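Here is a short briefing on selected local features. Look over the sequence and the model first.

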Amino acid sequence: MEIKKIRKKLEKELDGKRFEHTLGVAYTASALAMCHHVDTEKALLAGMLHDCAKCMSNDKKISVCEKHNIPISDLERQNPFLLHAKVGSYLAKKVYHINDEDILNAIASHTTGRPAMSQLEKIIYIADYIEPGRKQAPGLPAVRKQAFQDLDQALIQILRDTMRYLQDTNAPFDPMSKSTYDYYAANRL
């Protein structure tokens with residue numbers, strides 16, 4: 001499916017705010033890809049599809065997972081909004097006909113990250129955090145600058161800030177984020 005068709009379909013599927021965020025992530029991912037010598041079309045596609053399941057009801061996300069044997073952790077079952085990355089990866093393959101494993105992995109890991117991510121996975125994770133519509137995160141200008149200089153360092157900072165925020169607000173916290181942080185922090189020393 002070509003990018004124009006995907007964009008039109010997403011515009012119908014997502015609410016206005018989520019669609020604007022999606023465009024911001026897609027274009028930010030493409031710019032990061034140019035900077036870091038990663039395929040820009042893959043970055044644009046992954047960014048465009050990263051939240052394709054975000055506006056789906058929680059019950060529907062659980063239903064898709066159960067029907068298609070997508071594992072659900074206890075944390076995800078208690079907080080099904082966390083499933084949008086896994087379900088999004090599934091939809092990217094089945095509905096949008098994306099067969100590139102790197103793109104599918106980038107969509108699946110864009111909320112928690114994972115150890116040993118590809119450059120594309122890092123780009124989508126980071127673009128989701130720094131896209132121009134984001135305003136709230138602490139130190140955002142510095143992280144945006146860092147993202148165009150050193151993906152790993154930007155990733156570490158985003159993971160650190162996100163974990164701190166989730167702990168401070170007693171929000172649900174996926175252990176994969178901690179594993180991802182530990183992996184990249186250990187490899188930077």
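Which residue takes a positive phi just after H2? His37 does, at about 60°. The model is predicted.

**Helix H2**

- Helix H2 covers residues 16–35, which is 20 residues.
- From first C-alpha to last, H2 reaches 29 Å. That is close to the 28 Å expected at 1.5 Å a residue.
- At the start of H2, Asp15 places a side-chain oxygen within 3.3 Å of the backbone nitrogen of Lys17.
- Just after H2 comes His37, with its positive phi of about 60°.

**Asp128 in helix H8**

- Asp128 belongs to helix H8, which spans residues 119–130.
- Is Asp128 buried or exposed? Asp128 has a relative accessible area of 11%. The cut-off for buried is under 20%, so Asp128 counts as buried.
- The Asp128 side chain makes a polar contact with the side chain of His50, at 3.2 Å.
- Leaving out residues up to four places away in sequence, Asp128 touches His21, Val25, His50, His110 and Arg134.

**Cysteines**

- How many disulfides does the count give? The count comes to 0.
- For Cys55, the closest cysteine sulfur is in Cys52, 10 Å away. A disulfide needs sulfur atoms within 2.5 Å, so the sulfur of Cys55 is too far away for a bond.
- Cys65 is in no disulfide either. The nearest cysteine sulfur to Cys65 is again that of Cys52, 12 Å away.
- Cys55 is partly exposed, with a relative accessible area of 35%.
- Cys65 is buried, with a relative accessible area of 0%.

**Aromatic pair**

- The count comes to 1 aromatic pair.
- That pair is Tyr183 with Tyr184, whose ring centres are 4.8 Å apart.
- Why is the pair edge-to-face? The ring planes stand at 80°. Planes over 60 degrees apart count as edge-to-face, so the Tyr183 and Tyr184 pair falls in that class.
- Tyr183 is partly exposed, at 35% relative accessibility.
- Tyr184 is buried, at 5% relative accessibility.

Key: Residues numbered from 1 in each chain as written. Predicted model: local features only at pLDDT ≥ 70, side-chain atom pairs only at ≥ 80, totals over all residues. Heavy atoms only, no water. Helix = DSSP H or I, 4+ residues; strand = E, 2+ residues; numbered from the N terminus. Buried < 20%, exposed > 50% of the residue type's maximum accessible area, 1.4 Å probe, protein only. Polar contact = N/O pair within 3.5 Å; in protein donor to acceptor, adjacent residues only side chain to side chain. Contact = heavy atoms within 4.5 Å. Expected span 1.5 Å × (residues − 1). Phe/Tyr/Trp six-rings, centres within 6.5 Å; stacked < 30°, edge-to-face > 60°.
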